[in-house]
Amino acid sequence: MIVARLILIALTLVICSYFVFLLLTVKKYDEMIEPLADEEFQLKNIYVVGFTIIDKFHLDFRSRSVNALREKAKILYGEKFVEYYIRVIYAQKISFAYFAMVLVCILSCFASGSDGLVLFAIGLVLAGVVYYYFGTRVESQLKKKSIQYLSEFPDAISTIALLVNSGMVLREAWSEVAYSDDKALHMQMRQVTEDMNNGMSEGDALYAFGLRCATPEIKKFTSLIIQGLEKGSRDLAVSLRNQSAELWEMKRQNVLQQGQLASSKLLIPIFVMFIGILIMVMGPIMTNLGL
């Protein structure tokens with residue numbers, strides 16, 4: 001047991017020393033880390049550990065799992081920067097997994113007997129869990145963005161429908177709404193305006209917009225609007241009115257679903273409080289009965 005403990009301590013020193021060494025000495029990745037937003041990429045300074053391991057072991061970014069992640073990251077960050085963010089995401093996963101392992105290794109050195117070995121094994125499992133968790137963040141962020149886009153979309157399309165029905169062409173109406181606010185959806189709508197100003201056709205710009213938003217409802221909308229553009233302005237105005245009505249109905253249904261979901265979540269704390277009150281009431285009664 002003493003030998004195992006000495007090995008554990010030595011392994012902990014190696015793991016922790018290498019982690020600290022990379023944090024204090026590796027500076028060549030500072031330019032890659034600097035542009036990252038602090039809100040989305042917490043503790044980004046430790047990513048040097050992940051970047052170093054990626055380069056040292058020449059990790060392959062052409063596997064099937066990486067390609068699936070690349071498609072999601074392309075929607076979230078744009079095709080221009082997708083390769084950069086793929087490396088960042090893997091550096092984040094590796095760095096936090098390593099950091100979790102370091103913390104558990106330190107704790108295992110203070111444990112007595114075989115508890116240290118158990119803690120070390122738990123650390124390995126925890127590192128795997130952390131690695132998996134940060135790998136799924138892109139998908140969860142994508143879902144969060146999609147929900148946000150859907151909540152903002154009916155208002156934007158209603159305004160566009162009113163402007164088009166009053167005689168304004170779609171390009172001008174779209175631009176008017178895109179620059180009327182700084183919400184996430186409006187930023188995506190501005191990209192459509194910029195694409196059209198750079199020579200892209202209205203249909204192609206709207207199609208790219210649907211892909212970036214990555215929601216079935218918005219993709220359906222862009223497809224119908226593209227069809228309306230091909231048929232003429234009269235059909236486009238009718239299509240916009242119909243789509244606006246459908247989107248508002250969809251938003252109403254989503255609000256009702258979110259309300260039902262919130263009420264169901266409240267049942268858990270209510271149940272816990274009920275059990276606590278029941279224990280408080282029944283405890284003295286059981287004591288008085290000698291049970």
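The axes themselves are lines fitted to C-alpha atoms, for helices over the stretch in contact, and the angles run from 0 to 180 degrees between N-to-C directions. The model is a predicted one, in which local features need pLDDT of at least 70 and side-chain atom pairs count only at pLDDT 80 or more, while totals for chains, interfaces and linings use all residues. Residues are numbered from 1 along each chain as its sequence is written, and side-chain values use heavy atoms, with hydrogens and water left out.

On to the overall layout. The protein comes out with 11 helices and 0 strands, and along the sequence it reads α-α-α-α-α-α-α-α-α-α-α. Helices (H or I, at least four residues) and strands (E, at least two) are DSSP runs, numbered from the N terminus. Of the 291 residues in the protein, 38% are buried; buried means under 20% relative accessible area, exposed over 50% and partly exposed in between, with a 1.4 Å probe and protein chains only. Taking the contacts (heavy atoms within 4.5 Å) with a separation of 6 or more, 63% come from residues 24 or more positions apart.

Two helix pairs show how the packing goes. Helix α1 (residues 2-25) and helix α3 (residues 47-56) bring their axes within 9 Å and cross at roughly 100 degrees, so α1 and α3 sit roughly perpendicular to each other. On the α1 side the contact uses Y18, F19, L22 and L23, and on the α3 side V48, V49, T52 and K56. That set splits into 6 nonpolar, 1 polar and 1 charged, where Ala, Val, Leu, Ile, Met, Phe, Trp, Tyr, Cys and Pro count as nonpolar, Asp, Glu, Lys and Arg as charged, and the others, Gly among them, as polar. In the other pair, α6 and α10 pack at about 30 degrees with their axes 10 Å apart, which makes α6 roughly parallel to α10. Here Y149, L150, F153 and I157 of α6 meet E217, I218 and F221 of α10, and the contact holds 6 nonpolar residues, no polar and 1 charged.

Helix α5 (residues 82-110) runs for 29 residues and reaches 43 Å from its first C-alpha to its last, close to the 42 Å expected at 1.5 Å a residue; the expected span is 1.5 Å times one less than the number of residues. With 21 of its 29 residues buried, α5 is largely enclosed by the rest of the structure. L107 belongs to this helix, yet counts as exposed at 53% relative accessibility.

Helix α9 (residues 202-213) has 12 residues and spans 17 Å from first C-alpha to last, close to the 16 Å expected. Its buried residues are G203, A205, L206, F209, G210, R212 and C213, and their cover includes α4 (64-77), α6 (115-165), α7 (170-178), α8 (184-197) and α10 (216-231). Just after α9, A214 takes a positive phi of about 55 degrees.

As for cysteines, the structure holds 0 disulfides, a disulfide being a pair of cysteine sulfur atoms within 2.5 Å. The C109 sulfur has its closest cysteine sulfur in C105, 7.1 Å away and too far for a bond. C109 is buried, at 18% relative accessible area, and C213 is buried too, at 1%.

Note on methods. Parallel < 35°, antiparallel > 145°, perpendicular 65-115°, else oblique.
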